[in-house]
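Biologist: Got the file open. Can you walk me through it?

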Amino acid sequence: SNGPSEENAVYYKYSITVHENTLFGMGNPLLDISAVVDKDFLDKFGLKPNDQILAEDKHKALFEEIVKRNKVEYHAGGSTLNSVKIAQWMIQKPHKVATFFGCIGTDQFGEILKKKAEEAHVDAHYYEQNEEPTGTCAACITGDNRSLVANLAAANCYKKEKHLDLDSNWELVKKAKVYYIAGFFLTVSPESILKVAKHASDNNKIFCMNLSAPFISQFFKEPLMMIMPYVDILFGNETEAATFAKELGFETDDIAEIARKTQNLPKENAKRQRVVVFTQGKDDTVATVGEKVTMFPVLDIDQNDIVDTNGAGDAFVGGFLSALVQEDGLVECIRAGHYAANVIIRRVGCTFPEKPDFH
């Protein structure tokens with residue numbers, strides 16, 4: 001599905017053998033509870049149709065109500081976990097190319113998350129505690145919008161010294177070549193992120209991060225900018241990019257210009273120029289390629305085939321990472337990202353068919 005065969009012959013390369021634990025992810029493991037709702041439901045809880053927020057007291061009733069909806073679905077979620085699962089799915093073999101760290105509760109939802117990670121062949125090592133229940137995320141679907149309300153609970157209890165610092169766990173971190181942590185984890189354990197980011201930078205490995213949501217740039221700007229010098233690849237969508245630019249006083253709403261200015265922010269490891277990749281839904285993906293900013297069109301899709309855009313951004317990153325760990329170039333990474341996102345938006349939640357059909 002990639003143009004004439006002679007063109008393929010030029011680009012064809014023997015795929016490198018990817019080893020176990022090459023890709024490391026750390027973040028908030030959440031059980032997604034998704035349901036189709038109406039505008040009244042959004043209004044009742046003061047939600048925007050397309051947003052990601054952290055749950056407050058006023059949302060307690062939302063979780064009670066959404067599970068009573070007639071068509072409610074439960075899926076393993078959490079932004080970083082979604083992305084490493086998709087990367088593993090794209091790679092297929094060997095299993096356990098992707099490692100994941102996060103915190104869950106000792107409860108039924110926690111057991112589901114363990115089982116789901118195992119089914120996805122991700123090497124998940126959870127910090128388990130019993131003070132807080134496993135985190136959940138309500139995905140309120142209206143048309144092709146999704147409003148996400150995350151109740152972190154256990155996910156918020158991740159402790160560097162109780163988990164990341166343990167020799168057996170840190171050995172897994174050291175095995176990796178590519179690291180990915182969503183910006184969401186900045187609200188939980190910036191010190192854990194910093195330790196991993198410094199390791200990547202000191203060893204000339206690739207550290208990737210995501211702006212994740214407007215609220216991260218707005219309210220967690222300090223930890224975000226503490227990590228930024230270590231970021232080799234930064235992901236985000238158009239809304240997050242605009243908010244980030246505003247918070248940093250870039251004084252432009254031109255997305256290509258925002259990407260360029262973000263690329264030029266201070267960087268620790270000078271051996272790698274920062275790459276900035278901003279997705280824009282159905283519009284072109286914007287990426288810094290060397291000194292210039294390039295637009296990459298996404299795959300065409302009929303509006304009627306879009307079931308649910310929840311997980312599209314996570315899937316893009318997952319596809320991108322799968323090509324990255326196989327040492328593909330940026331263009332190929334973006335193509336893999338577009339493919340994965342195109343598959344995921346045809347399905348409910350961040351779920352995927354048995355095998356990818358990507359060449």
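This is a predicted model: local features need pLDDT of at least 70, side-chain atom pairs count only at pLDDT 80 or more; totals for chains, interfaces and linings use all residues.

Biologist: Which UniProt annotation covers Asp 314?

Modeller: The UniProt record puts "active site" on Asp 314, and the entry is unreviewed.

Biologist: Where is Asp 314 found? And is Asp 314 buried or exposed?

Modeller: Asp 314 is found in helix α13. Asp 314 counts as buried, because its relative accessibility is 13% and the cut-off for buried is under 20%.

Biologist: What is Asp 314 in contact with, leaving aside neighbours within four places in sequence?

Modeller: Ser 79, Asn 82 and Ser 83 are in contact with Asp 314, once those neighbours are left aside.

Biologist: How far apart are Phe 316 and Phe 320 in helix α13?

Modeller: They are 4 residues apart, which means about one helical turn separates Phe 316 from Phe 320. Phe 316 and Phe 320 are both buried.

Biologist: And Phe 244 and Phe 250, buried or exposed?

Modeller: Phe 244 is buried, at 0% relative accessibility. Phe 250 is buried too, with a relative accessible area of 9%.

Biologist: Which residues form an aromatic cluster?

Modeller: Trp 89, Tyr 339, Phe 352 and Phe 358 form one. Tyr 339 is also one of the buried residues of helix α14.

Biologist: Let's do α14, then. How many of its residues are buried?

Modeller: 11 of the 15 residues in α14 are buried, so the helix is mostly covered. Among them are Cys 333, Ile 334, His 338 and Asn 342.

Biologist: What covers the buried residues of α14?

Modeller: The cover includes two helices, α4 (79-91) and α13 (312-325). It also includes strands β13 (283-289) and β14 (292-296).

Biologist: New topic. What lies over the face of Trp 170?

Modeller: Lys 195 does, at 4.3 Å from the ring centre.

Biologist: Where does His 163 lie, and what does His 163 touch?

Modeller: His 163 lies in helix α6, residues 160-164. Not counting residues up to four places away in sequence, His 163 touches Phe 101, His 125, Tyr 126, Tyr 127, Tyr 158 and Asn 169. His 163 is buried, with a relative accessible area of 5%.

Biologist: How many residues apart are His 163 and Glu 128 in sequence?

Modeller: 35 residues in sequence, and 9.5 Å in space, C-alpha to C-alpha.

Biologist: Last one. Where is Thr 142 found, and is Thr 142 buried or exposed?

Modeller: Thr 142 is found in strand β7, residues 136-142. At 16% relative accessibility, Thr 142 counts as buried. Leaving aside neighbours within four places in sequence, Thr 142 is in contact with Val 37, Asp 38, Leu 42 and Pro 49.

Note on methods. Residues are numbered from 1 along each chain as its sequence is written. Side-chain values use heavy atoms; hydrogens and water are left out. Buried means under 20% relative accessible area, exposed over 50%, partly exposed in between (1.4 Å probe, protein chains only). Contact means heavy atoms within 4.5 Å. UniProt positions are given in the numbering used here, feature names are shortened, and annotations may be inferred rather than shown by experiment. Rings of Phe, Tyr and Trp (its six-membered ring) pair if their centres lie within 6.5 Å; planes under 30 degrees apart count as stacked, over 60 as edge-to-face and the rest as tilted. A charge sits over a ring if NZ of Lys or CZ of Arg is within 6 Å of the ring centre and within 35 degrees of the ring normal.
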